[in-house]
Amino acid sequence: MRFRNKTRRSPIINIVSLIDILCIVLIFFVVTTVFRREEPQIKLDLPKSSQAKPAQQATPEIISVTEEEKVYVGDKEVPADQLGDYLKSRKDDDPTAKFALKASKKAPFEVIVKVMDAVKIAGIDELPTFTAEDSTMAPNPAPASAASPDSTPTPPTPSSFTPPAP
């Protein structure tokens, strides 16, 4: 009986299917990427809040209050006494415009109240405020030994706040 020796073919890797899979994975990562909105480079030390919840609305224009009593709307510095007129003109230009307050915890409360009054003058009903999450008030805090000195702080989250009616 005679056996035939089969000639062995070298294995072929089908590159086309690998490229298809790579393209699908790339599309997945592009679609699921979270794009962050640029914020002005103003250093603020936010107060902590155990009740802060992320806002579920469109990205608002940020009203920032620094500890030097300066008020910024986006990148533009606006004097606190002219803020009401400025916000009213912005609201008249775009009725769907949203605003949020981001104030340093060392900012004078008087300036924050002026900003809240200006928001009411402009006819804005809601003013979400940004706070930093308090890690000591978290439901399941991590042990102190697990925290590294190199750990980054938690990002601020806007919480809903409606100023009292005049």
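Helices (H or I, at least four residues) and strands (E, at least two) are DSSP runs, numbered from the N terminus. This is a predicted model, in which local features need pLDDT of at least 70 and side-chain atom pairs count only at pLDDT 80 or more, while totals for chains, interfaces and linings use all residues. Residues are numbered from 1 along each chain as its sequence is written, and side-chain values use heavy atoms, with hydrogens and water left out.

Thr66 lies in the loop between strand 2 and strand 3. Thr66 is buried, at a relative accessible area of 4%; buried means under 20% relative accessible area, exposed over 50%, and partly exposed in between (1.4 Å probe, protein chains only). Apart from neighbours within four places in sequence, Thr66 is in contact (heavy atoms within 4.5 Å) with Ile42, Leu44, Tyr72, Ser104, Ala107 and Pro108.

Helix 2 has the buried residues Leu83, Gly84, Tyr86 and Leu87. They cover an arc of only 165° around the axis, so they lie on the same side of helix 2; the arc is that of the directions from the helix axis to the C-beta atoms. Exposed residues Asp85, Asp92 and Asp93 are on the face of helix 2 turned away from its buried side.

The elements below are included in what covers the buried residues of helix 2.

| Element | Residues |
|---|---|
| Strand 2 | 61-65 |
| Strand 3 | 71-73 |
| Strand 4 | 76-77 |
| Strand 5 | 99-103 |
| Helix 3 | 109-121 |

Helix 2 (residues 83-93) packs against helix 3 at an angle of about 40°, with the axes 8 Å apart. The contact is made by Leu83, Gly84, Leu87 and Lys88 of helix 2 and by Val115, Ala118, Val119 and Ile121 of helix 3.

Definitions and conventions: Axes fitted to C-alpha atoms, helices over the stretch in contact; angles between N-to-C directions.
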